[in-house]
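Please look over the structure shown here before reading on. The questions below take up its chains one after another.

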Amino acid sequence: MSAAVTSTGWLSNPRNVALAALFAVAFSLAVAIGVYNRGAFPGSGPGGVGDAVRQGVNQGLNGINALGETVAGLFGSRSPGERAQGTLANMKQRRGQALHQRALPKVRRGPSAAIVGASPVPPAAAPLYNVVTDVPKTGVPGTPIGFTPTPGGPGGFLGLTPSPGGGGIFVPPPVTIAPPETPTTPTTPTTPVTPTAPVPEPASWIMMLVGFLVMGSMLRRRPRAALLSPS
Amino acid sequence: MKPGGIAIAGVLLLLAGAALWIRQPEPAFVADRAASNFQSGSQTAPPKDGRVYLSGAQLEQALASKTLDRPVKSLLPVRGPLHFGDYQWNDRAVPEGPLWIRVDLGAQLISVFRAGHEIGTSVIVYGGDNKRTPGGRLHILSRDKDHRSSIYDADMPYTLQLTYDGVAIHGSDVRTGRATHGCVGVPLEFAQRLFDAAKVGDEVVIIPVSAKAPVTT
């Protein structure tokens, strides 16, 4: 690029050394990943060097897994572990209106009542169901409020043409009586949606990396005086 | 020089990220000549596809320790512990054959085998202390894609019924600290795949939790 590359004193600058190290790391990483994926370099077909590398890597991993490992160990390595003791009594999360449902007695078929000969349930017993006691409101029209005419001025109280002095008949707006509310059946609660994973997508990572690079390069390009000046 | 170097380094970082991003699809099955440690008896040579093939000694040890109750040829390559809600499914090039399901309550795992090869695994949730999941050898009694539990008033998609009192394998919200009323809950997508693969009569082996846990009932 420039003549500074060929000069021997280029590496004497520690900043350049760090830059070169970063360069080397990035380059080797890219080459290694590209070889492993074999897709980054279109020239190498199946059976090429990437295939061999990938197979070697996979075999190495499998070898580590499979060599001295028992099957129980293989299962154990993928297990999240035994369930913690504290959660053992934890059932499914109680949902909004589940209490209403669970108050129902368990209905069992069979001649249990006949065998036991139990007396029939007295009619005054508590209801078997949690009855939703939502009494519909009766549609009694309320008395219209706000009918307080203010007598005032020379205008007549019953005058159809109110004088500009004020007063007159205050006609209340028509009050519409709302129909009585019908008790709605409780809707079944939907299962909660699992939240998305907090790990960003690779595209987001790349975008973030690019952003950092741009910020860093802009900061580095800007003259130091501009950074340090008070305004 | 300096800005140029930064630019090159940035481009290379980008290249590395892109190379990571563009993952090749899983390699196709390649017949492997070197898998001679594979247990003899199968007609075809085992393909080398990243699966973990069990050696004869491993299989014997597993059978002796009751980890497995029948021969298994290969397991899925699962690296590291699965998390709740995770699953793996790969039945590519696995031949048709009898399907059976292994449910390990202690390890909180389910494994689906077809023709001796594991084709799916996942983390499960299972019955709580007062509603234990039964252990033993069960069979799928019925399949119901859109089952709705009349007992619990809850949707149980992709239900594979196991017992006559309602224990089943079905799609569920698999999370840490959850327990069921006896069913085996698996992630929904896994349940869908399992539902498509399984049929009535297939065997389900449920390995109960070891006797360490206190029995409250």
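What follows is a set of questions and answers about this predicted model.

Q: How many helices and strands are there in chain A?
A: From the N terminus on, the elements of chain A run α-α-α-α-α-α-α. The count for chain A is therefore made up of helices, as DSSP runs, and comes to 7 helices and 0 strands.

Q: How many helices and strands are there in chain B?
A: In chain B, 57% of the contacts between residues at least 6 apart in sequence join residues at least 24 apart, and the corresponding share in chain A is 32%. The elements of chain B are of both kinds, namely 3 helices and 14 strands.

Q: What percentage of the 217 residues in chain B is made up of buried residues?
A: A residue counts as buried when its relative accessible area is under 20%. In chain A, buried residues make up 11% of the 231 residues, and the accessible surface of that chain comes to about 17900 Å². For chain B, the accessible surface comes to about 10400 Å², and the buried share of its 217 residues is 49%.

Q: How much accessible area do the residues of the nonpolar patch on the surface of chain A have together?
A: The patch is formed by Val199(A), Trp205(A), Met208(A), Phe212(A) and Met215(A), and one of these, Met215(A), is found in helix α6, residues 202-221 of chain A. Taken together, the residues of this patch have an accessible area of about 550 Å².

Q: Why do the buried residues of α3(A) line one face of the helix?
A: The buried residues in helix α3, residues 71-78 of chain A, are Val71(A), Leu74(A), Phe75(A) and Arg78(A). An α-helix has 3.6 residues a turn, so residues three or four places apart point the same way. Seen down the axis of α3(A), the buried residues line one face because they fall within an arc of 95°.

Q: Which residues are exposed on the other side of α2(B)?
A: In helix α2, residues 56-64 of chain B, the residues Gln58(B), Leu59(B) and Ala62(B) are buried. Seen down the axis of α2(B), these buried residues fall within an arc of 95°, so they line one face of the helix. On the other side of α2(B), the exposed residues are Ala57(B), Glu60(B) and Ala64(B).

Q: How many residues apart are Tyr87(B) and Phe190(B)?
A: A search of the whole structure finds 4 aromatic pairs over all chains. Tyr87(B) and Phe190(B) form an edge-to-face pair, with 5.8 Å centre to centre and 65° between the planes. This pair links distant parts of the chain, since Tyr87(B) is in strand β5 and Phe190(B) is in helix α3 of chain B, and the two are 103 residues apart.

Q: Is Phe190(B) buried or exposed?
A: Ring pairs link Tyr87(B), Trp89(B) and Phe190(B) into a cluster. Phe190(B) has a relative accessible area of 0%, so Phe190(B) is buried.

Q: Where does Tyr158(B) lie?
A: Most residues other than glycine have a negative phi. Ala93(B), however, has a positive phi of about 65° and lies in the loop between β5 and β6 of chain B, where its 53% relative accessibility makes it count as exposed. Tyr158(B) also has a positive phi, near 55°, but Tyr158(B) is buried, with a relative accessible area of 13%. The place of Tyr158(B) in chain B is strand β11, residues 154-161.

Methods
Residues are numbered from 1 along each chain as its sequence is written. Chains are lettered from A and ligands numbered from 1 in the order in which they are written. This is a predicted model: local features need pLDDT of at least 70, side-chain atom pairs count only at pLDDT 80 or more; totals for chains, interfaces and linings use all residues. Side-chain values use heavy atoms; hydrogens and water are left out. Helices (H or I, at least four residues) and strands (E, at least two) are DSSP runs, numbered from the N terminus. Buried means under 20% relative accessible area, exposed over 50%, partly exposed in between (1.4 Å probe, protein chains only). Contact means heavy atoms within 4.5 Å. Accessible areas come from the Shrake-Rupley method with a 1.4 Å probe; for residues, only the protein chains shown count as cover. Patches are made of residues with over 30% relative accessible area and no salt bridge: like charges are joined within 9 Å, nonpolar side chains (Val, Leu, Ile, Met, Phe, Trp, Tyr) within 5 Å. A salt bridge is a side-chain nitrogen of Lys or Arg within 4 Å of a carboxyl oxygen of Asp or Glu. The arc is that of the directions from the helix axis to the C-beta atoms. Rings of Phe, Tyr and Trp (its six-membered ring) pair if their centres lie within 6.5 Å; planes under 30 degrees apart count as stacked, over 60 as edge-to-face and the rest as tilted.
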